[in-house]
Amino acid sequence: QELFDISIKAVHAVQGNGSGADVAASVYGGVVWYAQGKDIEILSTGQLPLVVGYSQEKGNTTQLVARAMSQYDKRSLIIRELGHDAKQGKKMLKAHTMAGLGNVMNHTHGLLQELGVSTPHLDVMVATAIKAGAYGAKLSGAGVGDCMIALVSESTRSFVEKAIKKTGGKIIEHLVIGI
């Protein structure tokens, strides 16, 4: 917890804002449940096979978080639904229900589109990954560029990677995270 506290202060000093979810994942490792520093839980129940695709577009986390906060009142229903999706995703992870987790990811991506933080390229990458056999996919991080993640099985991984590359996305790495 002390390392997390020091790290999040450093990130906020440089970046200005941000949830700290990336800091929690870095400090604690693997897949973590994170709620603005109040609730950090390590989810260790198996393996989570992910493909990470980079859109080759750069987003600006600080600007996106500021924009989202300034629009909170008119977007609060979407933001609450995203919170519900996060809780559903946690349930699916704990139950090892990859198809259910994939459905949550797909729904979440739709909400992020409504929120205005996706891009046409990320949308194509996500849709293509799903069509190629991913359980689910969504943008990752603050959005408006950067990366998307796809939850895959070992039998669909190569199809999903090839499909993402065909959209102009770059495969960063395939991951199997211990969860």
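1. Basis. The model is predicted, with local features requiring pLDDT of at least 70 and side-chain atom pairs counted only at pLDDT 80 or more, while totals for chains, interfaces and linings use all residues. Residues are numbered from 1 along each chain as its sequence is written, and side-chain values use heavy atoms, with hydrogens and water left out.

2. Helices α6 and α7. Helix α6 covers residues 120–131 and helix α7 residues 157–166; they pack at an angle of about 150°, and their axes are 8 Å apart. α6 is therefore roughly antiparallel to α7 (angles under 35 degrees count as roughly parallel, over 145 as roughly antiparallel, 65 to 115 as roughly perpendicular and the rest as oblique). The axes are lines fitted to C-alpha atoms, for helices over the stretch in contact, and the angles run from 0 to 180 degrees between N-to-C directions. Helices here are DSSP runs of H or I with at least four residues, strands are runs of E with at least two, and both are numbered from the N terminus.

3. The α6–α7 contact. From α6, Met 125, Thr 128 and Ala 129 meet Val 160, Ala 163 and Ile 164 of α7, where contact means heavy atoms within 4.5 Å. Five of the residues in this contact are nonpolar, one is polar and none is charged (nonpolar: Ala, Val, Leu, Ile, Met, Phe, Trp, Tyr, Cys and Pro; charged: Asp, Glu, Lys and Arg; polar: the others, Gly among them).

4. Nonpolar cores. The largest nonpolar core holds 20 residues, and Val 51, Ala 129, Met 148, Ala 150, Val 160 and Ile 164 have the most contacts inside it. Such a core is a set of buried Ala, Val, Leu, Ile, Met, Phe, Trp, Tyr and Cys residues joined through side-chain atoms within 4.5 Å; buried means under 20% relative accessible area, exposed over 50% and partly exposed in between, with a 1.4 Å probe and protein chains only. Two or more residues of this core come from each of α4 (72–94), α5 (98–115), α6, β4 (136–140), β5 (147–151) and α7. The most come from α6, which gives four. A second, separate core has 14 residues, including Leu 43, Val 52, Leu 101 and Met 105.

5. Helices α1 and α2. Helix α1 (residues 2–15) packs on helix α2 (residues 21–28) at an angle of about 145°, with 10 Å between the axes. On the α1 side the contact is made by Leu 3, Phe 4, Ser 7, Ile 8 and Val 11, and on the α2 side by Val 23, Ala 24, Val 27 and Tyr 28. By class these are eight nonpolar, one polar and no charged residues.

6. Val 27. This α2 residue is partly exposed, at 26% relative accessibility. Beyond its neighbours within four places in sequence, Val 27 contacts Leu 3, Phe 4 and Ser 7. The C-alpha atoms of Val 27 and Phe 4 are 6.2 Å apart, although 23 residues separate them in sequence.

7. Asn 106. Located in helix α5, Asn 106 is partly exposed at 24% relative accessibility. With neighbours within four places in sequence set aside, Asn 106 contacts Ile 130, Tyr 135, Gly 136 and Ala 137. Ala 137 is 31 residues away along the chain, with 5.7 Å between the two C-alpha atoms.

8. Lys 90. Lys 90 belongs to helix α4 and is buried, with a relative accessible area of 17%. Not counting residues up to four places away in sequence, Lys 90 touches Trp 33, Glu 41 and Leu 43.
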